Structure formats: structure tokens, C-alpha cells
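User: I have a model open and want to go through the ligand site and whatever else stands out. Can we take it step by step?

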Amino acid sequence: MAENVVKIENLVKRYGELIALDHLDLEIKAGEVFGLLGPNGSGKTTTINCLLSLLSYDKGSIEIFGKKMSPTAYDIKKDIGIIMQNVAVFEELTVQENIDYFCGLYITDKAKRKQYVDEAISFAGLEDFRKFFPKKLSGGLLRRLNIACGIAHKPRLIILDEPTVAVDPQSRNKILEGIEELNRNGATIIYTSHYMEEVEQICTRIAIMDKGRKIAEGTKEELKTMIKNTETITVALHELPEKVLDEISALSHIYSADYTDGTLTACCSGGRHNLIRILEILQKNDLHIGKVTTAQPTLNDVFLEITGKALRDKED
Ligand code: ADP
Ligand code: MG
């Protein structure tokens, strides 16, 4: 069993009346890409800030690398790389100077530092922008600079708080691939996001948060077996008489069927021939069948089934 890199026990954080973290337990092992997935306001950033001793908390304990974390635990802090939700770089310094500054906080040997800065620049794909000032960079490049500053000193634990929000698809892919590369090179990763697709793509284990609580935890496969949904089928139809919908609803393995805006949506639990049986009923009733889709459950379905609401708003 790999060693614990992070151990959070019974953590409670209040902002006045609001309980931002409600008895949170988390264990993260060496080598994991650990995802903290939850909607805005669920407590992800508060967890990170407590973990780093940037925030005091009301109750609980936090260990990193097997040692108690505290504001003065510099031996722990030097092995952590932090990429904050809000980009934090110096406007007065160029790309290269920014990375050199942050790296220099940890690495004093000049030759080694130069090598580390060069590696961070090529890691983030910023070779063509070395001499640029931050205000000349696009949102995606600025994020990549933020990441380069956080990882240049080669920390063992890297924490990224929503690093892909408002980032163009190209930079987003670069960032996700970069995180996997850092992990392959030995770093343990904590990755927070409200984008379930990203968490599914890169995380080896995931904790789903809602209102300061951990509501589920496991690999993506484990999380999906926690819910009854195994398949969601949709069929576009010009019309669907009530009695045909009732007939579909009555099929075994189908626990909900609904017809809105010209689309039949059937949620299935188990069973191997759900789609065929639905299509047979539609055909028997002489209905014109349009586009058909079938989808495996997503982490959004997990969140929906546990909390009764979607992981994020449609406009997100
Ligand atoms: P997330 O990062 O998942 O979006 P946060 O950890 O930022 O969530 O916030 C968790 C909850 O705590 C939210 O309800 C938020 O409004 C509240 N909160 C966060 N920071 C503060 C603060 N400094 N003062 C008061 N409430 C806060
Ligand atoms: Mg946040």
C-alpha cells in the first residue's frame, strides 16, 4: 500500500453561520491523481486553503507527508506546488522572470535553477513567450504560466485549483496532458474541478463534494456502480401517445421514461436489450423514429442521483 501523502480527518470550517466544510475526511496516497469534484460553493477551495494552512479551521486535523501541517511547516511546504484558482503572477516580470522568481524561492543553486526554469517553460509550451509580460498573454497562456510557476521546483505534491476555468480547448488539453505527465514523473496530484469530463479523464480516484461534505468517493468505475442508472436511452420522435409511453415505462429494467420537447428519455437499470425493446414498441405503434442515442452513466448522473440536482448549471 502506497504511503499517505495527505490525511484530513474530521475537518470543520465555518464562515460565521455557514459551515463551509462539514466533518470532511480525505486520504490521498502517493502516486494518485486525486480529483475533488463539486459544484461552485461546495468547499473545494476552502479544503485546499485549510490543507495549505492558509486558513485556520474550527476542528479536525491535517497531515501531509505523514507530518502535522501548520503555518510554519516549511519542510512540508517546500515539497508542495500550488496552482491557485486565481492566477497569481507578477505583472512587472516577464514569463521567464516569473518562473525564475518562484523557482528561486526553493532552488538556490544557479545552474540547477536555470535548468528547472527551462524545463518548466518547455513543459508549459511557453518557449515562444519567454520575454512576454503577463498582460500580453491570452487567458490560456496565462494559466499555463501560472502552472509553470507552481511546478518549476519539482514538488512531490501538486495542487491545482480549477486550472482550466475559462481556458480555450487547446490550452485545456495541454494542461490536462501536462498534469498526467507530472504524475508519470512521480508527483501526487490534487485536482479540483466542477467539470466532470476532466475529472473522469485524468483522475485515478475522485471525491464528490456537495455543501462541504464528501458525498461519494472512489474510482470513476466504482462511483458509477453506486447508482442504479446503467444506461440512458434517448429517441427523437414527432409524437408519442400516452399509452405508448406507459408501455415503455412498464418494461422491466426501465425505471423512468419521459417525453419532452420531441425526445423520449428512458433511464435503465441493468438489462441488456433495453434499446431493442423500446424500438420494437415504437415500431409496432407505427411511430417515425428519429435520432437514437444510448449513453453510459456519467459522474453527473452520480451527482444527480445522490443530491437530486445537476452538477453544474446548463450555461456553464
Ligand atoms: P468552491 O471552491 O467549491 O467553489 P469555496 O470553498 O470557495 O467553494 O466556498 C465554499 C462555501 O464557503 C461557499 O458557500 C462560499 O460562499 C463560502 N465562502 C468561501 N470563502 C468565504 C469567505 N472568505 N467568507 C465567507 N464565506 C466564504
Ligand atoms: Mg473554488
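User: Which atom of Thr45 lies 2.9 Å from an oxygen atom of ligand 1?
Analyst: A polar side-chain atom of Thr45. Keep in mind that this is a predicted model.

User: How much of ligand 1 does the protein bury?
Analyst: The protein buries 59% of the 560 Å² that ligand 1 exposes when taken alone.

User: Which elements give two or more residues to the shell around ligand 1?
Analyst: Strand 2 (18-29) and helix 1 (44-51). Helix 1 gives the most, with three residues.

User: And which residues surround ligand 1?
Analyst: Tyr15, Leu18, Ala20 and Pro39 are part of the shell, as are Asn40, Gly41, Ser42, Gly43, Lys44, Thr45 and Thr46. By class, that shell holds four nonpolar residues, six polar ones and one charged one.

User: What about the backbone, how far is Gly41 from an oxygen atom of ligand 1?
Analyst: A backbone N or O atom of Gly41 lies 2.7 Å from an oxygen atom of the ligand. For Gly43, a backbone N or O atom lies 3.0 Å from an oxygen atom of ligand 1.

User: Changing topic. How many cavities of 30 Å³ or more are there?
Analyst: The count comes to one. The volume of the largest cavity is about 80 Å³.

User: What lines the largest cavity?
Analyst: The lining consists of Phe123, Ala124, Arg144, Ile147, Leu160, Lys174, Ile175, Gly178, Ile179 and Leu182. Seven of these residues are nonpolar, one is polar and two are charged.

User: Which helices supply at least two residues of that lining?
Analyst: Helix 5 (139-151) and helix 6 (169-184) each do. Helix 6 has the largest share of the lining, five residues.

User: Last thing, the overall layout. Which domains does the assignment give?
Analyst: The domain assignment gives domain 1, residues 4-224, and domain 2, residues 231-296.

User: How far apart are the centres of domain 1 and domain 2?
Analyst: Taken over C-alpha atoms, the two centres are separated by 43 Å.

Conventions:
Residues are numbered from 1 along each chain as its sequence is written. Chains are lettered from A and ligands numbered from 1 in the order in which they are written. This is a predicted model: local features need pLDDT of at least 70, side-chain atom pairs count only at pLDDT 80 or more; totals for chains, interfaces and linings use all residues. Side-chain values use heavy atoms; hydrogens and water are left out. Domain bounds come from an automatic or database domain assignment. A residue is near a molecule or strand if one of its heavy atoms lies within 4 Å of it. A polar contact is a pair of N or O atoms within 3.5 Å; within protein, one must be able to donate a hydrogen and the other to accept it, and residues adjacent in sequence count only if both atoms are side-chain atoms. Accessible areas come from the Shrake-Rupley method with a 1.4 Å probe; for residues, only the protein chains shown count as cover. Helices (H or I, at least four residues) and strands (E, at least two) are DSSP runs, numbered from the N terminus. Ala, Val, Leu, Ile, Met, Phe, Trp, Tyr, Cys and Pro count as nonpolar, Asp, Glu, Lys and Arg as charged, and the others, Gly among them, as polar. On a 1 Å grid over the protein atoms alone, a cavity is a set of points where a 1.4 Å probe fits but cannot get out, and a pocket is an open set with protein on both sides within 12 Å along at least five of seven lines; lining residues have an atom within 4 Å of a point. Grid points are joined across faces, edges and corners, and a volume is the space filled by probe spheres set on the points.
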